[in-house]
Amino acid sequence: MMPRLVGRVKRLPLPEQLRSFDLAPRHLSMLSLLLLDGPLTVSQLAGMLGVAPTTVSLIVGDLSRKGVLVRREDDADRRRRVIDISPDSRPAIAQWLSPGAHAWRHALAPLSPAQQRTFVDTLLRYEAAVATAPQTAPERD
């Protein structure tokens, strides 16, 4: 089932405005976080994505040059810089990613908060198991 889910998300059509930006799956994850959680620091993004801050900085730099993201001072702490989706790109990104967000809300709505937590915890355990699994193919019987 997981390959089908990932395949469907990857096939979500990019809005016309975003097609020239050469966006990849790694961009989808970062843009989803920024769309759903609001402005975040590079360190916060790195922690949530499970990658090094330098990797996030490179992606942010690339998308900033393309006008997809903006960096600005954090209102709460002017020493910090936060990353956000540019106002010009936000409508197209919301259009692109909203079917997935709506689908998750629809799928999780019938579950109690405890059941939702169990589901999320299960996905996190799955992710951790995949990350630590040996990289060789198992032998077939």
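These legends describe close-up views of a predicted model of one protein chain.

**Figure 1. Overall fold of the protein chain, with 6 helices and 2 strands.** Read along the sequence, the order of elements is α-α-α-α-β-β-α-α. Helices (H or I, at least four residues) and strands (E, at least two) are DSSP runs, numbered from the N terminus. The C-alpha atoms fill a box of roughly 55 × 35 × 30 Å along the principal axes. Residues are numbered from 1 along each chain as its sequence is written, and side-chain values use heavy atoms, with hydrogens and water left out. In this predicted model, local features need pLDDT of at least 70 and side-chain atom pairs count only at pLDDT 80 or more, while totals for chains, interfaces and linings use all residues.

**Figure 2. Surface, burial and charge of the protein chain.** The chain has 141 residues, and 27% of them are buried. Buried means under 20% relative accessible area, exposed over 50%, and partly exposed in between (1.4 Å probe, protein chains only). Areas come from the Shrake-Rupley method with a 1.4 Å probe. There are 19 positive and 14 negative side chains. Lys and Arg count as positive, Asp and Glu as negative; His and the chain ends are not counted. The centres of the two sets lie 3 Å apart, with each charge placed at NZ of Lys, CZ of Arg, CG of Asp or CD of Glu.

**Figure 3. Packing of helix α2 (residues 25-37) and helix α3 (residues 42-49).** The angle is about 115°, and the axes lie 11 Å apart. Axes are lines fitted to C-alpha atoms, for helices over the stretch in contact, and angles run from 0 to 180 degrees between N-to-C directions. From α2, the residues S29, M30, L33, L34 and D37 meet L45, M48 and L49 of α3. Contact means heavy atoms within 4.5 Å.

Figure 4. H27 counts as buried because its relative accessibility is 2%. Beyond residues up to four places away in sequence, H27 touches D22, I59, D62 and L63.

**Figure 5. V51 in the loop between α3 and α4 (53-65).** V51 is partly exposed, with a relative accessible area of 34%. Neighbours within four places in sequence aside, V51 contacts A46 and V56.

**Figure 6. G100 in helix α5 (residues 90-108).** G100 has a relative accessible area of 23%, so this residue is partly exposed. G100 and R8 are 92 residues apart in sequence. In space, their C-alpha atoms are 9.4 Å apart.
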